[in-house]
Amino acid sequence: MIQLTREPIDYHELTEKVIRPSCGAVVTFLGTVRDLTGDEVTVALDYEAYGSMAEKKMAEIEADTRARWPDGEIAMVHRLGHLNVGEVSVAVAVSCPHRAQAFDACRHAIDRLKELVPIWKKENWADGKTEWVHPGSVATPG
Amino acid sequence: MIVRVRLFARCRDLAGADSVVVEVDEACRVSDLRLALGDKLPALRELLPKCAVALNEEFAKDDAVLSITDEIAMIPPVSGG
């Protein structure tokens with residue numbers, strides 16, 4: 001199950017979705033809005049997506065993760081819009097028979113999401129300025 | 001041929017529009033499209049080499065050939081998560 005949403009992510013419900021009788025381990029990763037990047041203070045992030053392509057890429061990551069770890073479930077949600085510090089921007093829940101697989105599978109899915117899915121964040125700095133985060137193209141670290 | 005290119009994030013802000021129409025030759029490759037976009041929108045020139053190009057919601061290589069029916073988008077370095 002993959003989803004883009006503008007509503008707060010219900011990560012408890014997301015975690016419940018992947019529980020399976022054959023699986024003794026569930027790992028849920030949450031990405032949250034951090035207040036500091038280097039020495040600069042973030043008050044909020046704005047997320048936008050190329051929605052149809054983002055959903056397609058997330059579905060491919062879901063399929064790839066399930067192919068690598070066939071026994072279990074995966075659910076991924078990314079939030080879009082204006083998020084304040086501490087809010088959950090992304091959640092990935094994975095179930096596997098054992099915990100080592102569940103950690104590996106969850107790590108794989110979130111790493112691929114950050115690498116491949118056309119979603120962007122814009123920093124809202126404390127001084128009122130804004131700046132898109134494009135890793136490798138501007139001074140701001142991703 | 002005339003193609004429309006979708007723009008996102010900093011590309012969109014620099015262009016001041018969420019898409020741009022450019023005229024390119026038939027059999028235009030992705031690498032040619034970048035040059036055409038840079039000519040049309042000089043503000044994008046610095047960012048264009050860092051951008052991927054998506055054809056029909058799939059990342060395309062520089063030598064891929066555009067079709068008039070393709071949905072084309074510039075994908076600046078992503079920062080989801």
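Modeller: Ground rules: residues count from 1 along each chain as written, and chains are lettered from A in written order. In this predicted model local features need pLDDT of at least 70, side-chain atom pairs count only at pLDDT 80 or more, and totals for chains, interfaces and linings use all residues.

Colleague: What makes α3(A) a helix, and how does its span compare with the expected one?

Modeller: Helices are DSSP runs (H or I, at least four residues), numbered from the N terminus, and α3(A) has 18 residues. The expected span is 1.5 Å times one less than the number of residues; α3(A) reaches 26 Å from its first C-alpha to its last, close to the 26 Å expected.

Colleague: Which residues of α3(A) are called buried?

Modeller: Buried needs 20 or more other C-beta atoms within 10 Å, exposed 12 or fewer, with C-beta atoms placed from the backbone. Ala105(A), Ala109(A) and Leu113(A) are among the buried ones.

Colleague: What does Ala109(A) touch?

Modeller: Contact means C-beta atoms within 7 Å. Beyond four places in sequence, Ala109(A) touches Ile61(A), Thr65(A), Ile74(A), Met76(A), Val92(A) and Val94(A).

Colleague: How confident is chain A?

Modeller: Its pLDDT (predictor's confidence, 0 to 100) averages 95, but stays under 50 over residues 138–142.

Key:
Contact = placed C-beta atoms within 7 Å. Helix = DSSP H or I, 4+ residues; strand = E, 2+ residues; numbered from the N terminus.
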